[in-house]
Amino acid sequence: MSGEHAIPYDELERRRKAASAARKASTYTPATEPVIESEAMAAIHEIFNPKLKLPQTTGPYRPPKAVSANQFVSIQDLDIRKLAELKEAFLLFDTDADGLISKEDLKITFGALGSQVEDEFLEEMLKEAKDPLDVDAFLELMSQRTVELDPEDILLEAWSKWDLYGTGRIEQRKIYEELTNFGDKMSVAEAKEALRYAPLIKPKSLDDPAMIDYPAFCRLLSGLRKREEPQ
């Protein structure tokens, strides 16, 4: 730039300050958590906006109260999040949207999953439930089948003991070592079977170890009961 057209430094600084003073303040406001009006809406919000919530615990893991399969469990004792998930599953099974799950609905569902099953097998499945198999009968059937399983929060509490930094993941190798070397020791084959369906987080590189998404695993393993609050 030639000397006759050069702008003095003081003039550049004056222009910069003037532009800065004229600039409007940012109108951005950070997103806030939506107001949850009811327990049902809170469950729906959590399904579509999941967040890792580690249980607040003190002391060692405490196993839940045992419940037998034939023991009646009130609907008030069930986890509303699980009920919402089951109602969503019911809609997937009800392929003709008539409010009932029929043999034809099951046949279509199995077919969509790539399995061809005999009518006798489907009839045996339907014998376990009330007739007609509406959404209430479906929830009752599933709650009876899973009532002996631990609540999700209980499982999450147990698994989170290995998650020292609250990341929601645990190294797969570490769990294998725990299962085969401590407590009621498992064989390698038993440990592999126990973790067969454990969701794994895709590693970012070949050097990263295999990590288990244990909150997702707890959702797969848990029953419908909700956690009992201490008296």
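At what angle do helix α7 and helix α10 pack, and how far apart are their axes? In this predicted model, local features need pLDDT of at least 70 and side-chain atom pairs count only at pLDDT 80 or more, while totals for chains, interfaces and linings use all residues. Residues are numbered from 1 along each chain as its sequence is written, and side-chain values use heavy atoms, with hydrogens and water left out.

Helix α7 (residues 152–160) and helix α10 (residues 214–221) pack at about 145 degrees, and their axes are 9 Å apart. Helices (H or I, at least four residues) and strands (E, at least two) are DSSP runs numbered from the N terminus. Axes are lines fitted to C-alpha atoms, for helices over the stretch in contact, and angles run from 0 to 180 degrees between N-to-C directions. On the α7 side, Glu152, Leu155, Leu156, Trp159 and Ser160 meet Tyr214, Pro215, Phe217, Cys218, Arg219 and Leu221 of α10, contact meaning heavy atoms within 4.5 Å. By class, this contact of α7 with α10 has 8 nonpolar, 1 polar and 2 charged residues; Ala, Val, Leu, Ile, Met, Phe, Trp, Tyr, Cys and Pro count as nonpolar, Asp, Glu, Lys and Arg as charged, and the others, Gly among them, as polar.

The largest nonpolar core has 14 residues, of which Leu86, Ile101, Leu133 and Phe138 touch the most other members. Such a core is a set of buried Ala, Val, Leu, Ile, Met, Phe, Trp, Tyr and Cys residues joined through side-chain atoms within 4.5 Å. Buried means under 20% relative accessible area, exposed over 50%, and partly exposed in between (1.4 Å probe, protein chains only). Helices α3 (80–93) and α6 (135–146) each supply at least two residues of this core, and the largest share, 4 residues, comes from α6. Apart from this core lies another, of 11 residues, including Leu156, Ile170, Leu195 and Cys218.

The buried residues of α6 are Ala137, Phe138, Leu139, Leu141, Ser143 and Thr146, and their cover includes α3. Leu133 touches Phe90, Gly99, Leu100, Ile101, Leu126 and Phe138, not counting residues up to four places away in sequence.

Asp213 is placed in strand β3 (residues 211–213). At 25% relative accessibility, Asp213 counts as partly exposed. Asp213 touches Gly168, Pro199 and Ile201, again not counting residues up to four places away in sequence. Asp213 and Leu200 are 13 residues apart in sequence and 5.7 Å apart in space, C-alpha to C-alpha.
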